[in-house]
Every structure is written in C-alpha cells, then in structure tokens.
Amino acid sequence: MKKRNSLGWNFIRGFTWAGLAFLVLPTLIAVPVSLTPKRYLSMPTGEISMRHYTNLFSSAEWMSSIGQSAIIAIFSSLIATVLGTLCAIGLWRISSRVSEVIRGILLLPLIIPPIISAMAFYRIWVKLGLLDSYSGMIIAHAILAAPIVLITVSASLANFDLRLEQASCNLGASIGTTLRRVVLPSIKPGIWAGAIFAFILSWDEIVVALFIAKFRIMTLPRRMWDGIRENTDPTVAASAVVLVLVTISALTIYTIMTKHVRMQGSLVQEENS
Amino acid sequence: MLVVPLFGLIIVLYALPVINILWLGVSEPELGIQNYKLLFTKSSLVKILWTTIRVCLITTLCSVVIGYLIAYSMVHLVGREQNWMLTLVLISFWISVLVRAFSWLTLLGRNGLLNAALVSSGLSEEPINMIRNEFGVLIGMIHYMVPYAVLPLLANMQGIDHRIMDASRSLGAGSLQTFLKIYLPLTKPGVIASSLLVFIISLGFYVTPALLGGGRVLMVAEYVSVQILITVQWGLAAMLATLLLSGVFALLYIMSRFMKIGEIFGARP
C-alpha cells in the first residue's frame with residue numbers, strides 16, 4: 001500500500017503506540033514501587049530491596065488472604081467449569097427457541113452490574129447463613145463465572161459436527177461414553193478457556209467480596225482494597241505484583257494448553273488424511 | 001437434563017434474589033412508591049444520577065475514540081507489529097481493576113510520583129490535585145474501558161473489504177475524503193456497538209469511582225453500596241438498583257437491534 005509511508009499514516013501509528021503505552025505502562029508502576037527500600041510508597045532511587053516481599057510472605061494475614069483466594073478461585077472455577085460445560089452441551093443438543101431463552105437467563109450474571117449481584121447475594125446469603133463463609137464465596141463466584149464457561153464451550157461446540165455424535169450413538173456407544181470419548185475431547189480448548197477465565201474472575205473479584213466477606217473470609221483483593229484506601233504501605237504494591245503474576249501465569253497456561261490441544265487436533269487430522 | 005443443575009442454581013440463588021431486590025424498591029420500608037418519589041424531592045439523588053451519566057458519556061466518547069485509533073492501526077498493519085498491538089490490548093484487558101486503581105493513585109496522588117516530579121523539576125509550584133475528583137475517575141475509567149471499545153471495532157473493521165477504499169482513491173478521492181465518506185460510514189455498526197458496550201459497563205462501575213473519586217465523585221453504584229453497608233436503607237438502594245438495571249436492559253435492547261447479541265454470546269446462528 002502506498003499509504004504506509006505517508007506522513008498522516010505515521011502520525012496515526014505514533015498515536016496508536018501512545019494509546020497502547022497509556023494502557024499498559026501505568027499498570028507496571030507497582031513493580032518498581034514494590035522494590036523500594038523505603039517504608040512509604042516511592043520509586044527506588046539507586047538500590048532496590050525485597051523487604052516488602054519478605055513482609056508480604058511472612059505476614060500471617062496476607063498469606064491467609066492469598067490462600068483463601070486460591071482455594072475459592074480453584075473450587076469456584078471447578079464448579080463453574082463442570083456445570084457450564086454440561087449446560088452448554090445440553091443447550092447445544094436441544095437447540096430451539098426455548099433453549100435460546102434459557103441461554104439468555106443463564107447469561108444474566110454476566111450482564112447484570114456486579115453491584116446488583118452483590119446486593120442479591122448479600123440478602124439471600126444472610127437468610128441461608130452463608131455470609132462470610134468459604135461455601136458462600138465459592139457458590140457466588142461459581143454463579144458469576146459459569147456464563148463465561150457457557151460462552152467459551154458453546155463457541156467450541158459451534159465448530160463441532162453434530163453428526164459425529166449421532167454416528168457414535170448409532171455405533172452403539174451410550175450417551176455417557178459418547179460425551180466422554182467423542183464430544184469432550186473435541187471441545188477441550190473451549191473448556192480450558194472457560195476454566196482459566198473463571199479462575200481469573202474469582203481470583204481478582206472484589207465487588208461481591210466486599211459485600212459477602214468480612215472477618216473469617218478476607219480474600220486477597222479484599223485485603224488489597226483496604227490497603228489501597230490507606231495507600232501508604234508498599235506491601236500493597238508487592239501484593240499487586242503477585243496478583244497480576246498469578247493472572248498472567250493462568251493466561252500462559254491457557255495459551256499453552258490450547259496450543260497443545262490444537263496441535264494434537266492437527267496431528268489427528270494428518271493421520272486421518 | 002444436562003442443563004438443569006446450572007439453570008436451577010442460577011434461578012434459585014441468583015435470578016430470584018435479584019428479583020427480590022427489585023421488589024424491595026417498592027416494599028421497603030413500606031409498600032408503595034415512596035422510594036421513587038425521593039427522586040423528585042431529594043436533590044442529591046438527581047445530582048448522583050447526573051454525575052453517573054456525565055462520567056459514563058465522557059468515558060464512552062474518549063474510550064471509543066482511542067479504541068477506534070488502535071483498531072484502525074491494527075487492521076492496517078501486518079505481522080509482528082500487529083501481533084504486539086493485540087498482545088498489549090489483551091494484557092490491558094486482563095489487568096485487575098484494583099491494580100489499575102492502585103497504579104493511578106500512586107502515579108497521580110497528591111504525594112504521587114507525577115506530582116513529585118512536577119514539583120522537583122519546578123514545572124509546578126505545588127502538587128496538582130489529579131485524583132479525588134472527576135478527572136481522576138475519568139482517567140481510571142477510560143483506562144479500563146479502551147480494550148472493551150477496541151474488540152467490537154476490530155471485529156467490524158476486519159470484515160470490511162479494503163478494495164472499496166482503493167476504488168474510492170483510484171476514482172480521485174483523497175485519503176481524508178475516502179476515510180470520511182467511505183470508511184467511517186462502514187464502521188458505524190462497530191462504533192455503535194462499542195459505544196453501547198462501554199456505556200453499559202460504565203453505568204455500573206463501582207471500584208474505580210470509589211477509589212479514585214475518594215468520596216467526592218459519587219456515582220450510582222457507590223451510593224448504593226453506602227446505602228446498604230453504612231446507612232442500611234435497602235428501599236432507596238433497591239430503587240436505584242432498579243433504575244440502573246432498567247438502563248442496562250434498555251441499552252442492551254437497542255444494541256440487539258444493531259447486532260446479533262446472541263452470536264457474541266455463543267448462540268448458534
């Protein structure tokens with residue numbers, strides 16, 4: 001294209017990179033701040049220190065928050081993945097007007113603003129005695145995350161040929177066997193994506209946690225919220241780095257897993273051809 | 001059968017509790033529309049609604065302009081540069097809202113890094129207030145929303161046949177004219193979709209206004225949380241939640257007329 005070297009185009013390109021810098025660079029500020037040798041929020045000048053990380057990992061409170069967040073994220077993403085996947089397969093098989101209405105209802109937790117979800121959970125959790133408990137947090141996060149699994153698995157299913165399932169059934173496999181050996185392997189990328197996204201959603205969820213967790217349950221984002229409001233202790237910077245590192249690791253696992261599955265898929269195709 | 005577990009869970013522990021909240025708006029403290037009447041008698045409520053709408057409109061405008069720029073460059077580039085841009089947008093998409101708020105507070109606060117730099121370099125005599133006001137909230141919200149603006153625009157722009165633009169240019173139109181008369185109208189569905197998406201998400205925003213506004217930029221979500229956790233006025237909070245939810249659904253309905261929402265959410269076409 002001749003336009004690629006024109007002045008106007010380079011102008012646009014420059015502004016784009018400036019926009020991307022605005023998106024990414026400010027969020028990196030927690031990294032140097034967490035390495036400051038001083039007791040207050042500041043940039044390290046000259047020397048760096050790991051004291052705030054030592055602080056974070058030797059504090060019983062911060063460690064319990066990290067542990068609680070991990071437990072809640074693992075169990076809620078597990079529940080969301082199982083229920084979301086089963087539901088996606090169920091909707092895909094019946095596919096009708098009714099199923100579209102059901103799908104709409106199932107997507108509500110994703111559409112309704114988090115503050116309203118938080119109010120709803122708070123009211124009913126008080127009645128059920130689930131306030132400030134592991135099960136309360138896990139169920140709430142599972143409900144919020146299940147629609148994401150539903151979406152990613154449905155997207156995988158859209159590329160899956162319904163006749164393969166019918167063939168498997170016609171050849172005598174039970175529905176259970178067909179699901180396990182024919183359907184599930186081919187929608188693996190969608191299940192992985194849903195599981196990882198559900199994990200991240202729970203791992204850094206704050207609004208619902210503010211309402212339904214108080215004393216016994218103090219997730220990592222919840223403790224960071226308090227720390228950010230005081231905004232003096234660089235330990236919060238260290239915890240922010242840890243929070244983001246876990247998110248990035250989860251996304252890396254996702255990239256590796258889906259790549260792996262895709263490679264397996266293409267290998268199978270080559271063998272078949 | 002496979003649908004039942006999740007459907008049951010969401011109906012019983014989510015949909016019904018949400019409906020219960022809407023019901024509280026007309027039943028708490030007593031049956032009637034007294035909470036809705038407050039909208040006409042309590043001027044602070046109108047101010048909060050107005051602040052919310054104003055902040056959301058400015059956020060939407062800025063996010064979509066920046067998002068358009070990024071999406072435009074991305075579809076016109078190839079190879080490594082395009083991949084890098086997409087990676088950066090996705091990283092930004094996934095960064096926790098708390099970490100963002102922390103970063104902006106650290107950068108823009110009164111004792112923050114930017115003010116320290118401004119004062120020590122002599123560019124400013126005293127620290128400038130960049131947070132605990134609407135400016136801070138807007139920066140934080142635009143920063144969060146740009147990736148959401150980019151994605152629908154990108155999908156729209158990737159579907160445009162670029163030979164149309166070549167045709168326009170070969171027929172003698174200048175670059176600017178081609179952009180304004182051909183490209184911009186073709187991307188209108190993308191612009192509408194991304195504006196509505198950003199506006200809808202902004203409406204319910206809680207964390208960023210609460211942390212960067214420092215209590216001075218009160219938007220609906222934060223006010224609702226104060227009504228519940230501090231002053232315990234469920235009726236008023238539920239009424240505002242109902243307004244918020246009606247706004248979200250009305251906008252979703254408009255959005256559904258411009259695009260097939262079902263397809264975004266993975267329904268079979």
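## A cluster of rings

In this predicted model, ring pairs join seven aromatic side chains into a cluster: Phe197(A), Tyr254(A), Phe93(B), Trp94(B), Tyr144(B), Tyr148(B) and Phe205(B).

The ring centres of Tyr144(B) and Phe205(B) are 5.0 Å apart and their planes meet at 75°, so the pair is edge-to-face. Are the two residues buried or exposed? Tyr144(B) has a relative accessible area of 16%, so it counts as buried, the cut-off being under 20%. Phe205(B) is buried too, at 7% relative accessibility.

Over all chains, the count of aromatic pairs comes to 20. One of them is formed by Tyr72(B) and Tyr183(B), an edge-to-face pair with 5.3 Å from centre to centre and 90° between the planes. Here again distant parts of the chain are linked: Tyr72(B) sits in helix α3 (residues 43-76) of chain B and Tyr183(B) in helix α9 (residues 175-186) of chain B, 111 residues apart.

Both tyrosines are buried, with a relative accessibility of 8% for Tyr72(B) and 1% for Tyr183(B).

## A charge over a ring

Which residue lies over the face of Trp234(B)? That residue is Arg123(A), at 4.6 Å from the ring centre.

Next, follow helix α4 (residues 60-94) of chain A to helix α1 (residues 4-27) of chain B. These helices pack at an angle of about 115°, and their axes are 7 Å apart. On the α4(A) side the contact is made by Leu83(A), Gly84(A) and Cys87(A), and on the α1(B) side by Pro5(B), Leu6(B) and Leu9(B). Sorted by class, the contact has 5 nonpolar residues, 1 polar residue and no charged ones.

## A buried serine

Finally, visit Ser202(A) in helix α11 (residues 188-203) of chain A. Ser202(A) has a relative accessible area of 5%, so it is buried. What does the side chain of Ser202(A) join in a polar contact of 2.8 Å? Its partner is the side chain of His141(A). Leaving aside neighbours within four places in sequence, Ser202(A) is in contact with Ile72(A), Ala73(A), Ser76(A) and His141(A).

Methods: Residues numbered from 1 in each chain as written. Chains lettered and ligands numbered in written order. Predicted model: local features only at pLDDT ≥ 70, side-chain atom pairs only at ≥ 80, totals over all residues. Heavy atoms only, no water. Helix = DSSP H or I, 4+ residues; strand = E, 2+ residues; numbered from the N terminus. Buried < 20%, exposed > 50% of the residue type's maximum accessible area, 1.4 Å probe, protein only. Polar contact = N/O pair within 3.5 Å; in protein donor to acceptor, adjacent residues only side chain to side chain. Contact = heavy atoms within 4.5 Å. Phe/Tyr/Trp six-rings, centres within 6.5 Å; stacked < 30°, edge-to-face > 60°. Lys NZ or Arg CZ within 6 Å of the ring centre and 35° of its normal. Axes fitted to C-alpha atoms, helices over the stretch in contact; angles between N-to-C directions. Nonpolar A, V, L, I, M, F, W, Y, C, P; charged D, E, K, R; others polar.
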